[in-house]
Amino acid sequence: MDFNAWGGVSGGTIDYDGGQIALYGGYDNAVWYNRAIVKFGWYDGDSHRNFGLTTVVDPSGNPDADVVDFYNEVGRRFALGASSMLTPYFGITLAHAELDGFTEKDPYGTGAALKVAGSDADSVASALGLRYNGTFGAFKPQVAVAWEHEFEDTFQTVNMAFAGAPAGSNFKAVGTDLDEDSLLVEAGGAYALGQSSDVSVRYVGRWLSDYDAQSVMGRFTYKFGAAPAPVLAPEPLKLGSK
């Protein structure tokens with residue numbers, strides 16, 4: 001994230017590097033399916049809060065975080081002719097995230113550095129949706145619409161204090177309180193280049209009453225040693241992962 005001209009000064013940023021390990025599993029008889037994924041991710045952050053007082057101040061920190069996430073989805077496919085399927089499905093997400101505590105560096109001794117306490121967040125969200133899949137030769141379109149409801153945290157609170165302030169001067173930063181309900185939309189398609197490879201483009205959007213997020217992703221897939229197999233509906237992707 002880049003914060004341009006925030007407080008009259010450019011240069012505020014938050015960057016991170018990280019990794020993720022995932023394990024997939026499920027059952028599928030070409031009509032009913034039940035699929036699950038559990039993921040663990042770790043992220044090392046680097047932040048700069050450039051702002052202007054009488055001079056430019058640049059407190060910097062290392063907001064590191066870990067996330068564990070489980071998603072399970074069950075659905076039933078209904079054939080729409082020989083080349084299309086309509087699938088009602090239900091999914092559930094269980095997630096837990098932890099932000100490590102850290103103290104910002106203050107190279108100029110301005111007193112603006114913050115001491116940020118560690119915090120955590122939980123999510124229990126359900127998704128009720130309808131997915132369309134088609135197979136038209138080498139082209140496989142997919143469209144899905146779902147209603148998601150969050151049963152746990154809809155906003156986050158972080159405790160902090162100025163690093164040089166005396167004890168008892170803590171304060172809280174509260175994130176935006178988002179709605180419990182959101183509309184999720186996914187649309188895209190894959191084009192087979194051969195028996196072992198394909199290219200795909202996918203759009204994912206999320207809408208709440210005062211917030212929306214949209215993304216477009218492209219992917220190239222090559223399967224080593226892949227043997228020809230019957231074409232089934234594409235693996236359902238989790239919409240609205242947190």
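Biologist: What is the strand order in the open sheet of 4 strands?
Modeller: The order is S10-S11-S14-S15, with antiparallel pairing. Strands are DSSP runs of E, at least two residues, numbered from the N terminus. Two strands pair if DSSP finds at least two bridges between them. This is a predicted model: local features need pLDDT of at least 70, side-chain atom pairs need 80 or more, and totals for chains, interfaces and linings use all residues. Residues are numbered from 1 along each chain as its sequence is written, and side-chain values use heavy atoms, without hydrogens or water.

Biologist: Which strands stand at the edges?
Modeller: Strand S10 (102–103) and S15 do. Each has a single partner strand, so one side of each lacks a neighbour in the sheet.

Biologist: How many bridges join S14 to S15?
Modeller: 4 bridges, with S14 (residues 157–162) running antiparallel to S15.

Biologist: What stands opposite Ala 173 in S15?
Modeller: Val 158. Their C-alpha atoms are separated by 5.3 Å, at 15 residues apart along the chain.

Biologist: Is Ala 173 buried or partly exposed?
Modeller: Partly exposed, at a relative accessible area of 31%. Buried is under 20%, exposed over 50%, partly exposed in between (1.4 Å probe, protein chains only).

Biologist: New topic. Which residues make up the largest nonpolar core?
Modeller: Tyr 33, Ile 37, Tyr 71, Tyr 89, Ala 144, Ala 146 and Leu 184. A nonpolar core is a set of buried Ala, Val, Leu, Ile, Met, Phe, Trp, Tyr and Cys residues joined through side-chain atoms within 4.5 Å. Another core, of 5 residues, lies apart from it and includes Val 158 and Met 160.
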